[in-house]
Amino acid sequence: MRTVPIAIGMTVKNNRYKHMKLNNNIEKFESLGNNHIGTSKDTPMRNDAFKLSKEEKIDIIKDDVRHILETLGLDLTDDSLNGTPLRVAKMFVKEIFDGLDPDKKPEASTFENKYKYGEMLVEKNITVYSTCEHHLLPIVGKAHVAYISNGTVVGLSKINRIVDYFAKRPQVQERLTIQIVEELKKVLNTEDVACIIDAKHLCVNSRGIRDIESSTVTSEFGGKFKEKGTRREFLDYIKLETKF
Ligand SMILES: [Zn+2]
């Protein structure tokens with residue numbers, strides 16, 4: 001009997017059964033995606049993720065994008081559409097999904113906290129541009145990150161760069177929030193790190209339910225931020241209006 005792989009970790013052994021199983025799986029995956037439910041805290045990557053060079057990836061994706069557009073019935077010889085497959089392929093590999101490349105992780109140089117500032121530091125209103133991994137549509141919003149130094153501090157712009165690095169992936173907002181906190185915990189050598197993200201998902205705003213007003217808030221509180229008072233202080237700082 002032939003074994004047909006359906007998805008990683010799943011096989012079926014009977015052709016008649018295969019159809020049922022496939023339909024069940026499609027329904028399951030569709031409903032996970034439609035409800036924006038992520039399944040892991042690490043970005044699910046293949047073992048061979050980096051076997052191809054970026055140029056090789058662009059070359060393959062370019063043909064795939066062309067295939068999608070042609071299947072939709074578009075005439076790719078039109079001057080306006082002719083460059084789209086290559087443009088989209090480059091944008092995927094070198095811009096909006098560049099954070100899949102571990103070499104692009106910002107080097108977070110840390111410093112000794114010489115002036116012994118032991119209070120909370122909040123970097124707020126960090127712009128988030130990411131992509132929903134269920135619909136490949138933009139997620140746009142703000143991240144607010146806080147930490148309490150235990151002797152190590154990090155350059156302020158590094159926090160923005162860390163947010164941007166993890167945002168440049170197909171993402172689930174909950175995972176993005178956790179990944180930012182976990183990375184900063186490592187860099188700063190403390191558990192006392194927190195992140196709140198408030199973002200609009202274009203897959204909710206522009207299609208499906210088409211609710212332009214709704215946004216999604218996710219939070220991850222580590223160490224002292226699990227305590228009510230510390231958490232309150234962080235939330236109060238975020239509410240402060242910054243005017244220049
Ligand atoms: Zn989505």
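The expected span of a helix is 1.5 Å times one less than its number of residues. By that rule the 18 residues of helix α2 (residues 54-71) should span 26 Å, and the 25 Å between its end C-alpha atoms agrees with this. The structure is a predicted model, in which local features need pLDDT of at least 70, side-chain atom pairs count only at pLDDT 80 or more, and totals for chains, interfaces and linings use all residues. Residues are numbered from 1 along each chain as its sequence is written.

**Overall make-up**

- The protein chain holds eight helices and nine strands; helices (H or I, at least four residues) and strands (E, at least two) are DSSP runs, numbered from the N terminus.
- Of its 244 residues, 22% count as buried. A residue is buried if 20 or more other C-beta atoms lie within 10 Å of its own, exposed if 12 or fewer, and partly exposed in between, with C-beta atoms placed from the backbone.
- Among contacts between residues at least 6 apart in sequence, 65% join residues at least 24 apart; two residues are in contact if their C-beta atoms, placed from the backbone, lie within 7 Å.

**The largest nonpolar core**

- A nonpolar core is a set of buried Ala, Val, Leu, Ile, Met, Phe, Trp, Tyr and Cys residues joined through C-beta atoms within 7 Å.
- The largest such core has 32 residues, of which Val128, Ala143, Val145, Val163, Ile180, Leu184 and Cys195 touch the most other members.
- Two or more residues of this core come from each of β4 (120-132), β5 (138-148), α5 (156-167), α6 (173-188), β8 (193-201) and α7 (202-205).
- Beyond its neighbours within four places in sequence, Val163 is in contact with Ile126, Val128, Ala143, Val145 and Ile180.

**Helix pairs**

- The axes of α2 and helix α4 (residues 84-96) come within 8 Å and cross at roughly 130°; axes are lines fitted to C-alpha atoms, for helices over the stretch in contact, and angles run from 0 to 180 degrees between N-to-C directions.
- Helices α2 and α4 are therefore oblique to each other, since angles under 35 degrees count as roughly parallel, over 145 as roughly antiparallel, 65 to 115 as roughly perpendicular and the rest as oblique.
- Residues making this contact include Ile58, Ile61, Val65 and Leu69 of α2 and Leu86, Val88, Phe92 and Val93 of α4.
- For α5 and α6, the axes come within 10 Å and cross at roughly 135°, so this pair is oblique.
- In this second pair, Ile162, Val163, Phe166 and Ala167 of α5 meet Leu176, Gln179, Ile180, Glu183 and Leu184 of α6.

**A pair of histidines**

- His36 lies in the loop between α1 (15-34) and α2 and is partly exposed, with 17 other C-beta atoms within 10 Å.
- Although His36 and His134 are 98 residues apart along the chain, their C-alpha atoms are separated by 6.7 Å.
- Not counting residues up to four places away in sequence, His36 touches His134 and Val172.

**Residues with positive phi**

- Asn125, in strand β4, has a positive phi near 60° although it is a residue other than glycine; Asn125 is exposed, with 11 other C-beta atoms within 10 Å.
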